[in-house]
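User: Hi! Could you walk me through this model?
Analyst: Happy to, let's have a look together.

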Amino acid sequence: IYTDADRVSLDANERYDREKEILSKSWPVPTPTLVYSADVERVLVTREVPGHGFKHFMDEGRTLEALGMMARWVAGFHGSAEPVPQEGTLWDHFSRYAEFQDDPEFDALKGLLSGVPLKEFVLTKGDCAASNFKFGETGAIGLDFEGVAFRAAEYDMVALVRGLESLTGESVSDMVDTVVKQYAEVRPIEDEAATRAVVKALVQVSDY
């Protein structure tokens with residue numbers, strides 16, 4: 001049920017429309033099955049998504065395994081829609097977002113991000129927190145599509161890792177390496193070393 005009482009930047013109608021649009025289509029990666037919608041009341045009902053949560057893997061010492069499954073899901077989602085050609089650099093893109101602008105250390109990344117060309121936007125999930133994934137027998141299942149938009153692929157990669165260092169005890173370096181490696185096995189990355197450097201730097205200035 002989508003209401004304006006939720007403390008998010010997008011209004012309830014926009015969040016409802018985004019979620020319904022994604023859940024109403026078939027995707028090459030697992031998503032919840034939509035069984036009912038009511039536009040006036042802004043209600044969406046899906047079938048229960050069976051599987052484990054992220055904490056199950058943390059408890060078993062398999063955090064990187066779960067993160068890898070999430071990265072593979074994200075890569076599949078990014079490849080599910082035609083990319084939109086872009087010009088400029090990753091600095092031009094990421095400097096638009098308040099979540100990075102508000103960090104005083106972000107300006108120090110201008111040299112790094114300006115050196116990486118932005119060639120395309122992909123369909124990004126937008127909220128890749130570990131709580132927005134379930135894990136079944138075949139891998140990760142994405143949940144929550146209110147934040148979908150066309151962005152740089154690195155946007156979702158950063159979101160996969162952000163916030164997990166203090167939660168899991170895994171190093172940012174190991175998590176970034178896992179994300180980039182597993183992502184690239186599904187959707188090729190032109191320069192994996194540059195991607196690792198960018199994702200690691202952005203995680204470190206925006207972590208919490």
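User: F94 and Y155: buried or exposed?
Analyst: Both F94 and Y155 are buried, where buried means under 20% relative accessible area, exposed over 50% and partly exposed in between, with a 1.4 Å probe and protein chains only. Bear in mind that this is a predicted model, where local features need pLDDT of at least 70, side-chain atom pairs count only at pLDDT 80 or more, and totals for chains, interfaces and linings use all residues. Residues are numbered from 1 along each chain as its sequence is written, and side-chain values use heavy atoms, with hydrogens and water left out.

User: How many aromatic pairs are there?
Analyst: The search of the whole structure gives 14 aromatic pairs. Rings of Phe, Tyr and Trp (its six-membered ring) pair if their centres lie within 6.5 Å; planes under 30 degrees apart are stacked, over 60 edge-to-face and the rest tilted. The F94 and Y155 ring centres are 6.4 Å apart with planes at 15°, so that pair is stacked.

User: Which helices do F94 and Y155 lie in?
Analyst: F94 sits in helix α4 (residues 90–94) and Y155 in helix α7 (residues 153–161), so the pair ties together parts 61 residues apart in sequence. Helices here are DSSP runs of H or I, at least four residues, and strands are E runs of at least two, numbered from the N terminus.

User: Which residues form the aromatic cluster?
Analyst: W91, F94, Y97, F100, F106 and Y155 form one cluster.

User: New topic: how many helices and strands in the protein chain?
Analyst: The protein chain has 10 helices and 7 strands. Of its 208 residues, 46% count as buried.
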